[in-house]
Amino acid sequence: MPQQSDSYDYIVVGAGTAGSVVAARLTEDPGVRVLLIEAGAPNTTSTSDFPPAWPALLQSAQNWGGEMTVQAATGTSPHIGRGKGIGGSSAINAMVFARGHRESYADWPERGAKGWAFDDLLPFFKRSETAVGRDATLRGQDGPLVVGPASILHEIPAAMLRAAVECGHPSADDISGGNEIGFGAVDLNIVNGRRQSAANAYLTDGPGRPNLRLESNALVHRVTFDGDRVTGVEYGIGPSTVTANAREVILCAGAIGTPQLLMLSGIGPAQHLRDHGIAVLHDRPGVGSNLQDHPMTAAIWASARMVSPSTRNHGEVIGLIRSELAQSDAPDIQLMFAENLAGAQPEVPNVFGLSVSGMQPHSRGTVRLADANPASLPLVDPNFLGDERDLEVLVRGLRIGHQIGSASALDEWRGPEIIPGPAFSSDDALRAYVRASVGSHYHPIGTCAIGDTVDSVVGTDLTVHGIDGLRVVDASVMPSLPSNNTVATVYAIAERGAHLLRQQ
């Protein structure tokens, strides 16, 4: 029989990027009691702190791990990156901190997220950051995250940036700010040579607050209800099951974990729940639907000179491009320059390259339950390249990247091209290469989207439709992808979610 724990004002599920922000902001009010529940460990590792080592974290206990379902368009099962432990994905990611271009949020109100466009989010973007030396009308000056570009660029990204400008691409002063298209040094979550995660930015004094309790290594099994009203959560610590009560529960488990927990709790596509023997509390077909991720591929060259090791994140420069294939004013391609592409070719260590990502994919996928066991990893299917237009965008991005890699600014560095290599001989060969190589940029969103239709999950106040006292505050509420790495947008959503909660 479940043990009964204390009652709280709020229970926050997930101490990752969003959960750290929400718990920290709520407990600024000493009269509010918050329980923060995290499935992973209460501390990160020294590997997490050391920026160049982040690729190893994807194979560690700090990642939930697993593979996606076999993709219908490619026949491959790409790897999943999903942070586990305090700080969540902000403790294992590549530390790129960049808002999407403002136009990539323009369709959010059209999809039902009224009041959630770029300018609506801007105060919360600013609230999260201290962006030293940036335009104070656009960038924050006193937030918990101290962000900025590398003080001196690594020699390879610096040369690749010159190559991009040589090829006619504009140079951007602040590619992280959301107003520019072009190439520039991106802001990083690195302070004094160490990673700055959501936990060590927002929760530094959290454990010392008497009104915040952190339960780590605790897996939430389900949300509990009295009719359509939330009463709390049931979670497990080792062999014990505990029930905690609260007047409001905030799910911050991410675009994979949050829909899984909703479905385990009886909220989701009714037939899917019945198939797994779960009683249907609320038929909501949008839960776990609308999954989007930035599909990514790469081009790599051997270096003609020895490449010095990086002390940062293997991705100090990015470019945003609006190609002729773009179907809106938002950029549809991101290139990221790297001195070794995070070890993508370990048998050829002296390499440099670039990743190519589609920023506005048309493909939509799902998160579904594997079974009714909370400990089972869910079935994740982003449906990469399910829409042929996404394939063509990546082919176009590789062509642009190949042109940059062939520019004279890289003559002293460029050795033989390793991949795609001969595939550049034709678009058909490039298409085959993309299908074989496409993977995740680890930016899943959209599975509990804001909106006002039967396919949406939360309203503009982030409350789950049809349920009292249950909100979602994480990447899953984004209706569509911003045109950059997603963590800066997650911080803004979390800041706004905490603001909405405190307003009430």
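# Close-up views of a predicted model

Leu 251 stands opposite Val 472 in E22. The model is predicted, so local features need pLDDT of at least 70 and side-chain atom pairs count only at pLDDT 80 or more, whereas totals for chains, interfaces and linings use all residues. Residues are numbered from 1 along each chain as its sequence is written, and side-chain values use heavy atoms, with hydrogens and water left out. Strand E22 covers residues 470–472 and pairs with E11 in the parallel sense over three bridges. Strands pair if DSSP finds at least two bridges between them; strands (E, at least two residues) and helices (H or I, at least four) are DSSP runs numbered from the N terminus.

**View B. Strands E10 and E11 form a hairpin.**
Strand E10 spans residues 229–237 and strand E11 spans residues 240–251. The two strands pair in the antiparallel sense over six bridges. Tyr 235 has Val 242 in E11 as its bridge partner. Two residues lie between E10 and E11, and Gly 238 in the turn has a positive phi of about 60°.

**View C. Strands E9 and E10 form a hairpin.**
Strand E9, residues 219–226, pairs with E10 in the antiparallel sense over seven bridges. Arg 222 has Glu 234 in E10 as its bridge partner. Two residues separate the strands of this hairpin, where Gly 227 takes a positive phi near 70°.

**View D. Asn 192 has a positive phi without being a glycine.**
The phi of Asn 192 is near 55°. Where is this residue found? It sits in the loop between strand E6 (190–191) and strand E7 (194–195).

**View E. The peptide bond from Ile 419 to Pro 420 is cis.**
Omega of this bond is near -5°. Pro 420 lies in the loop that runs between strand E20 (414–419) and H11.

**View F. Helix H10 crosses helix H11.**
Helix H10 covers residues 388–405 and helix H11 covers residues 427–437. Their axes come within 10 Å and cross at roughly 110°. That makes H10 roughly perpendicular to H11. Axes are lines fitted to C-alpha atoms, for helices over the stretch in contact, with angles from 0 to 180 degrees between N-to-C directions; angles under 35 degrees count as roughly parallel, over 145 as roughly antiparallel, 65 to 115 as roughly perpendicular and the rest as oblique. On the H10 side, Glu 388, Leu 391, Glu 392, Leu 394, Val 395, Leu 398 and Arg 399 make the contact (heavy atoms within 4.5 Å). On the H11 side, they meet Asp 427, Leu 430, Arg 431, Tyr 433, Val 434 and Arg 435. The contact of H10 with H11 has seven nonpolar, no polar and six charged residues. Ala, Val, Leu, Ile, Met, Phe, Trp, Tyr, Cys and Pro count as nonpolar, Asp, Glu, Lys and Arg as charged, and the others, Gly among them, as polar.

**View G. Helix H5 crosses helix H12.**
The axes of H5 (residues 118–128) and H12 (residues 487–503) come within 8 Å and cross at roughly 100°. The two helices are therefore roughly perpendicular to each other. In H5, Asp 120, Leu 121, Phe 124, Phe 125, Arg 127 and Ser 128 take part in the contact. Their counterparts in H12 are Ala 488, Thr 489, Tyr 491, Ala 492, Glu 495, Arg 496 and His 499. By class, the contact of H5 with H12 holds six nonpolar, three polar and four charged residues.

**View H. The second largest pocket has about 420 Å³ of space.**
A pocket is an open set of points on a 1 Å grid over the protein atoms alone, with protein on both sides within 12 Å along at least five of seven lines; a cavity is a set where a 1.4 Å probe fits but cannot get out, and lining residues have an atom within 4 Å of a point. Points are joined across faces, edges and corners, and a volume is the space filled by probe spheres set on them. Of the 27 lining residues of this pocket, Gln 327, Ser 328, Gln 360, Pro 361 and His 362 are the closest to its centre. H10 gives the largest share of the lining, five residues. The lining is made up of 10 nonpolar, eight polar and nine charged residues.

**View I. The largest cavity has about 60 Å³ of space.**
Three cavities of 30 Å³ or more are found in the whole structure. Residues that line the largest one include Met 68, Ile 80, Leu 291, Asp 293 and Tyr 442. Its lining has eight nonpolar, two polar and one charged residues.
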